[in-house]
Amino acid sequence: MQLQAKLKGKLIRYLDNGIEFLGILKSDSKNKDSMVMPLDITNNMNEFILHFEKLKGCLQANNPLIPLENVTLLSPIKSPLQDIICLGINYMDHAKESMRFKKESFDGKREQAVYFGKRVNECANPNASFYINNKTSQLDYEVELVVIIGRDCMNATRENAMNFVFGYSIANDISARDLQLKHKQWYAGKSLEGSFPLGPCIVLRDSLNPHNLAIKSYVNGELRQQSSTSKLIFDIPHVICELSSYFTLKAGSIISMGTPSGVGMGFEPPRFLQAGDIVKCEIENIGTLQTFINV
């Protein structure tokens, strides 16, 4: 399979009268991304990615538009094909605040990327609730740029790495800091059920430059994180090259690129999430992902 065609547009998965569809966000003369064009294909985004060459013609369809306000947005990918691949401490300011929280010294150097896995049975939908359970009292938020791989990749080069990308989205990498410390590694603390809100869309590869986007998060309307993807320590080509030198990076793989400073554990004292909080994650030219914290 080859991703030779220009990949432009914003793909969504949505619910209309109880039925799931894939669609493309369209703009009208007044409002940006205010209309939806249904796609006459599977409602499974993973299937669309895996069989893109056969299904890509649907992107050129001219189906009747539906007002976005008349449908319910779902996470663009329901169930990841594999565990999420995550980047740890991939912004320098976040590396500093992380070391401070763990009471460890930091020499200001990040010579190697930190990779870890996150178990996600189902991605949480935009505007859905995350329910705090009694396993954690240190629940945290992390806005992250997500990269979705479009075709199997082995031994990519820096020159061709971006050709393997299908598109980009936003995640809130919800994290239980006390579980991370308890287990001396991150897998359990990153993998609470429902802890990977994803959306609101997938922006196809050629629609934006992913390395120069404003990235922000808000808690109850208060700006907490504010940075740019230009400050990633290890950028997307580096990550794809390195990972694909170790193993085949399969089509449909989701890579979450790390979070900037301003997370709850970075404050003194820390400001962890509580029931009733509303977290908004924003990335320029992709959109806004909102999550409600409940018990």
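Residues are numbered from 1 along each chain as its sequence is written. Because the model is predicted, local features need pLDDT of at least 70, side-chain atom pairs count only at pLDDT 80 or more, and totals for chains, interfaces and linings use all residues, while side-chain values use heavy atoms, without hydrogens and water.

Strand β1 (residues 10-16) runs antiparallel to strand β2 (residues 19-26), with six bridges between them. Here a strand is a DSSP run of E of at least two residues, a helix is a run of H or I of at least four, and both are numbered from the N terminus; two strands pair if DSSP finds at least two bridges between them. Isoleucine 12 faces glycine 23 in β2. Between the two strands lie two residues, and asparagine 17 in this hairpin has a positive phi near 55°. Strand β2 is also joined to strand β3 (residues 35-38), antiparallel, by four bridges; there, leucine 25 has valine 36 as its bridge partner.

**Next selection: the five-stranded sheet.** This open sheet has mixed pairing and the order β8-β18-β17-β14-β15. Its edge strands, β8 (128-131) and β15 (222-228), each pair on one side only. Within the sheet, β14 (residues 214-219) and β17 (residues 278-283) are antiparallel and share five bridges, with serine 217 opposite cysteine 281.

Leaving aside neighbours within four places in sequence, cysteine 241 is in contact (heavy atoms within 4.5 Å) with Ala156, Thr157, Arg158 and Ala161.
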